Amino acid sequence: MPGDHNKSIVMAEERGPTSSILIVEDEILVRMFAVDVLEEAGFRVAQAANGAEAFACLESTPTLAAAIVDLGLPDRPGDEVAAEIREKRAALPILIASGRSERELRERFANDERVAILAKPYTEPMLLEALRQLGINAA
């Protein structure tokens, strides 16, 4: 019904500002998929194709709910990018997306409860559930 659409818009506005997610992914199709999923879920998305762009986004987006970082970036390893993000924003939840061994990654980030691992290839439910496990929900 037409009235229902308007009702949902008002309800969304009443919930307050939408949470922003930074996605750092060099594979354009993967990044496009993730952006679509996140925007459909109600997030705003800042996009970066490499570490340098990620830090520019970090500076220009003061309020981020989380960062999703691919490990295979062209300019530097994603785990280094994640570690530097952690230095700049100590409390920011980080979701590491990788096709590498999950065990190796879990060991590397075992002491950081604000880091979760998302195995590639991932689906929409996998991405949203990984964010929920970090306490991140759309506004």
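Here is a tour that goes from the whole chain down to single residues.

**Before you click.** This is a predicted model, so local features need pLDDT of at least 70 and side-chain atom pairs count only at pLDDT 80 or more, while totals for chains, interfaces and linings use all residues. Residue numbers start from 1 along each chain as its sequence is written, and side-chain values use heavy atoms, with hydrogens and water left out.

**Stop 1: the whole chain.** Colour by secondary structure and you get six helices and five strands, where helices (H or I, at least four residues) and strands (E, at least two) are DSSP runs numbered from the N terminus. Along the sequence the pattern reads α-β-α-β-α-β-α-β-α-β-α. Of the 139 residues, 43% count as buried; buried is under 20% relative accessible area, exposed is over 50%, and partly exposed is in between, with a 1.4 Å probe and protein chains only. Now the contacts (heavy atoms within 4.5 Å): among those with a separation of 6 or more, 63% are between residues 24 or more positions apart. The surface comes to about 7700 Å², and carbon and sulfur atoms supply 52% of it; areas are from the Shrake-Rupley method with a 1.4 Å probe, and for residues only the protein chains shown count as cover.

**Stop 2: the cores.** Select L22, V69, I85 and I96, the residues with the most contacts inside the largest nonpolar core, which has 23 residues. A nonpolar core here is a set of buried Ala, Val, Leu, Ile, Met, Phe, Trp, Tyr and Cys residues joined through side-chain atoms within 4.5 Å. β1 (20-24), β2 (44-48), α3, β3, α4 (78-88), β4 (94-98) and β5 (115-119) each supply at least two of its residues, and α3 gives the largest share, four residues. Apart from this core lies another, of 22 residues, including F43, V45, L118 and Y122.

Zoom in on V69. Leaving aside neighbours within four places in sequence, V69 touches V24, G78, V81, I85, I94, L95, I96 and A97.

Stop 3: Select G78, D79, V81, A82, I85 and R86, which are buried residues of α4. Turn the view to look along the helix axis: the buried residues of α4 fall within an arc of 155°, so they line one face of the helix. That arc is taken from the directions from the helix axis to the C-beta atoms.

**Stop 4: F55.** Move to helix α3 and pick F55, buried at 12% relative accessibility. Beyond four places in sequence, its contacts are R76, V81, E84, I85 and K88.

**Stop 5: T61.** Is T61 buried or exposed? It is buried, at 16% relative accessible area.

**Stop 6: a greasy bit of surface.** L29, in helix α2 (residues 28-40), is exposed at 66% relative accessible area. Together I28, L29 and M32 form a nonpolar surface patch with about 320 Å² of accessible area.

**Last stop: a cis bond.** Show the backbone at K120 and P121, joined by a cis peptide bond with omega about -5°. P121 is in the loop between β5 and α6 (124-133).

Methods:
Patches are made of residues with over 30% relative accessible area and no salt bridge: like charges are joined within 9 Å, nonpolar side chains (Val, Leu, Ile, Met, Phe, Trp, Tyr) within 5 Å. A salt bridge is a side-chain nitrogen of Lys or Arg within 4 Å of a carboxyl oxygen of Asp or Glu.
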